[in-house]
Amino acid sequence: INAGPDDNHAGILVERSSHIRIENCTTYNTGSPGIGVWKSDNVVVRGNEVELACNDGEQECITVAETDIFEVSLNHVFDGGPGTNGGEGIDVKDGSTNGEVFANEVHHTHRLGIYVDAWDAYTAHIRVHGNWVHHCAGSGYAVAAEAGGLLERVTVENNVAFANLHTGITVGGWGVANENHPIYDIKIINNTFYGNGSDGWGPGVVIENEEADNVLVRNNVLSQNALAQMEVEVVGQNLVVDHNLFDGPGDPYGTDYLTVDPMLADAPNSDFHLLAGSPAIDSGASEHAPAEDFDGHPRPQGAGIDIGAYEVTP
């Protein structure tokens, strides 16, 4: 607790280390990350509670940078500090490779919830799945290459984002001026993005990077997001958008889509399971669909893949 006051003071810091596990710890009121990992390999960050991180130093509440082979799972990240120079919930960045970010809950941070950013180094082979992100002062999820490093082979699947200030997920083109922002092979599949854009602006999915090539957006429930359900501002080559369900403002995008109420169980009370009879049932595409849903149920349960993060079970 109370790690500070310098910008780089973390609650728990791992640097240039190997085969490290940080489990079932609690951090509170840290100047910079609650948990920070740099230049390491084979690191597990699991089952921790991180509260009031980035108060008010830099970096993110949980940071994994320049690290190979990692897992960030089952953490509760919430009530972040002001985030004047950082403050995202979980950030995997700057040359990190071969890792998973899953089953985390992130909420009430002063910037976006879960972020994958190449910065200036090759960053690749990252799977973000089964996370629950809400009430963050930014996007729920984002991928970007802020300072010229290539970001590639990132899969974002079976996640939920709701009531975030801006978008459900952003494929960003932001970053350092006069640098390239290359992104390649991003899959956004079987997520549920509901009611984002609480400030009045915010699609469920937005793509705003002309250097983002081979982006796939498939089998997502995009419902009641404020500005639009999906917006493509600029994009690179080979964008594929299909088998998504659109419910709310904005024109649909792509092919093989539905424009209908998804019949969510109780969205105002954060239950985004599909009701029996939902048009999303069996309406998704099987190619690249995750083998299990948010709850760990095998896909498919019926004649086809259900759209969204949840598969209806008999």
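**Figure 1. A negative surface patch in the predicted model**. Four residues form this patch, namely Glu-15, Glu-66, Asp-120 and Glu-179.

**Figure 2. Glu-15, a member of the negative patch**. Glu-15 lies in strand 1, which covers residues 12-15. The relative accessible area of Glu-15 is 43%. Glu-15 is therefore classed as partly exposed, because this class lies between the buried limit of under 20% and the exposed limit of over 50%.

**Figure 3. Asp-242 in strand 28**. This strand comprises residues 240-242. Asp-242 has a relative accessibility of 7% and so counts as buried, since buried means under 20% relative accessible area.

**Figure 4. Asp-242 and Arg-218, two residues separated in sequence**.

Figure 5. The protein contains 32 strands and zero helices. Of its 314 residues, 54% are buried. The C-alpha trace spans about 55 × 40 × 35 Å along the principal axes of the protein. A compact globule with 314 residues would have a radius of gyration near 20 Å. The protein has a radius of gyration of 18 Å, which agrees with that expectation.

Methods: Residues numbered from 1 in each chain as written. Predicted model: local features only at pLDDT ≥ 70, side-chain atom pairs only at ≥ 80, totals over all residues. Heavy atoms only, no water. Patch = residues over 30% accessible without salt bridge, like charges linked within 9 Å, V, L, I, M, F, W, Y side chains within 5 Å. Areas by Shrake-Rupley, 256 points an atom, 1.4 Å probe, with all protein chains shown as cover. Salt bridge = Lys/Arg side-chain N within 4 Å of Asp/Glu carboxyl O. Lys, Arg positive; Asp, Glu negative; His and termini not counted. Charge placed at Lys NZ, Arg CZ, Asp CG, Glu CD. Helix = DSSP H or I, 4+ residues; strand = E, 2+ residues; numbered from the N terminus. Buried < 20%, exposed > 50% of the residue type's maximum accessible area, 1.4 Å probe, protein only. Rg over C-alpha atoms; globule rule 2.2 N^0.38 Å.
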